[in-house]
Amino acid sequence: MSGRFSQEVMTRAMREIAAGLGVPTEDAQLLRLTNNAVFALPHAGIVIRVARTHRLRERVTKVVRLARWFADIDAPTIRLAPEVVQPVEVGGLTASVWTYVPENASAPTVEDLGSTLRRFHALGSPPFPVAAWDPIGDARRRLADADGLSTKDHDYLLAWCDRLEPEVAALSQRSEQTLIHGDAHVGNLLRKPSGRVVFCDFDATCLGPWQVDLAAVAVGAARFGAFEARGRLTNAYGYDITSDRDWTVLREARELKMIAAAAPLLASSAGVAAEFAIRLRSVEQVDSTRRWTPFADLP
């Protein structure tokens with residue numbers, strides 16, 4: 001399928017960025033094509049991450065600033081590529097460039113996620129302003145950048161935002177605020193050659209209730225059928241998020257994110273469009289038994 005954020009468009013952007021850096025692309029590998037197009041260039045030792053939206057450019061700037069601070073304090077996070085002026089702008093798109101971490105035979109586990117989250121939550125706040133957790137604002141921005149979304153589905157998602165917004169605001173007001181990853185699941189962990197496990201993907205990193213970071217695995221366990229993962233994270237982190245008084249709000253906020261994030265990509269991928277429809281219909285019909293497929297696992 002064609003679209004403003006198709007694989008072809010993203011690949012052209014990657015090649016233009018690589019040319020500007022003076023590195024070859026013959027060995028380029030597409031690692032992920034979801035909210036970002038992520039390309040590994042192993043020979044050059046870098047990863048190029050192109051945002052698949054025109055309305056969330058400020059996120060890339062935020063991510064770069066956070067990454068520099070993470071390096072200063074030796075946080076359990078991936079590092080930016082050295083000596084690259086960032087963010088990188090190309091053809092109306094915004095990108096960041098990172099150090100490449102080779103695939104490790106010992107993949108990160110849910111237990112690694114629990115222990116790494118503990119360390120991440122203990123970092124404290126950066127010495128510069130960081131946005132507050134705002135899943136409703138994020139969803140609305142995705143909808144504003146929608147490509148191929150029907151009017152009916154657009155209106156349904158906006159109404160969901162309107163209904164959930166006061167509940168999210170009340171949760172934030174009564175909760176302790178800390179630095180949260182914002183999209184904490186095993187897919188956003190890497191194991192370095194040294195064995196150290198680190199986070200990547202800081203698009204959603206912000207200040208908010210720490211419980212947000214436990215919701216991704218719990219919702220994924222229910223929607224993707226990975227039921228044992230929630231219990232393993234509970235044991236590793238030491239808290240069962242489904243027993244939290246705000247679990248219902250946290251679950252809905254996570255599900256809204258998992259659906260609205262696809263809105264800008266519907267015209268670029270038939271697989272994403274089909275999965276988007278499955279997710280949205282299951283929520284509309286209050287069908288908790290319908291299984292979802294991770295966007296990263298689609299052909």
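The second largest pocket of this predicted model is lined by 19 residues. Those nearest its centre are Arg223, Arg251, Glu255, Val283 and Ser288. The space within this pocket comes to about 330 Å³.

Let me turn to the composition of that lining. Of its residues, 10 are nonpolar, 7 are charged and 2 are polar. Five helices each supply at least two lining residues: α5 (151–174), α6 (212–224), α7 (227–238), α8 (247–260) and α9 (270–284). Which of these helices gives the largest share? That is α6, with 5 residues.

Two packed helices are described by the angle between their axes and the distance between the axes. For α8 and α9, the angle is about 150° and the axes lie 9 Å apart. The crossing of α8 past α9 is left-handed. On the α8 side, the contact is made by Glu255, Met258 and Ile259; on the α9 side, by Phe276, Arg279, Leu280 and Val283. By class, this contact has 5 nonpolar and 2 charged residues, and no polar ones. Colleagues may recall Glu255 and Val283 from the pocket, where both are among the residues nearest the centre.

Finally, I come to the salt bridges, of which the model has 21. One of them joins Asp153 to Arg281, with 2.6 Å between the closest N and O atoms. Asp153 belongs to helix α5 and Arg281 to helix α9, so that this pair links distant parts of the chain, 128 residues apart. Both α5 and α9 also contribute to the lining of the second largest pocket.

Technical notes:
Residues numbered from 1 in each chain as written. Predicted model: local features only at pLDDT ≥ 70, side-chain atom pairs only at ≥ 80, totals over all residues. Heavy atoms only, no water. 1 Å grid on protein atoms, 1.4 Å probe; cavity = no way out; pocket = protein on both sides within 12 Å on 5 of 7 lines; lining within 4 Å. Points joined across faces, edges and corners; volume = space filled by probe spheres on them. Helix = DSSP H or I, 4+ residues; strand = E, 2+ residues; numbered from the N terminus. Nonpolar A, V, L, I, M, F, W, Y, C, P; charged D, E, K, R; others polar. Axes fitted to C-alpha atoms, helices over the stretch in contact; angles between N-to-C directions. Left-handed = near helix turned anticlockwise from the far one by under 90°. Contact = heavy atoms within 4.5 Å. Salt bridge = Lys/Arg side-chain N within 4 Å of Asp/Glu carboxyl O.
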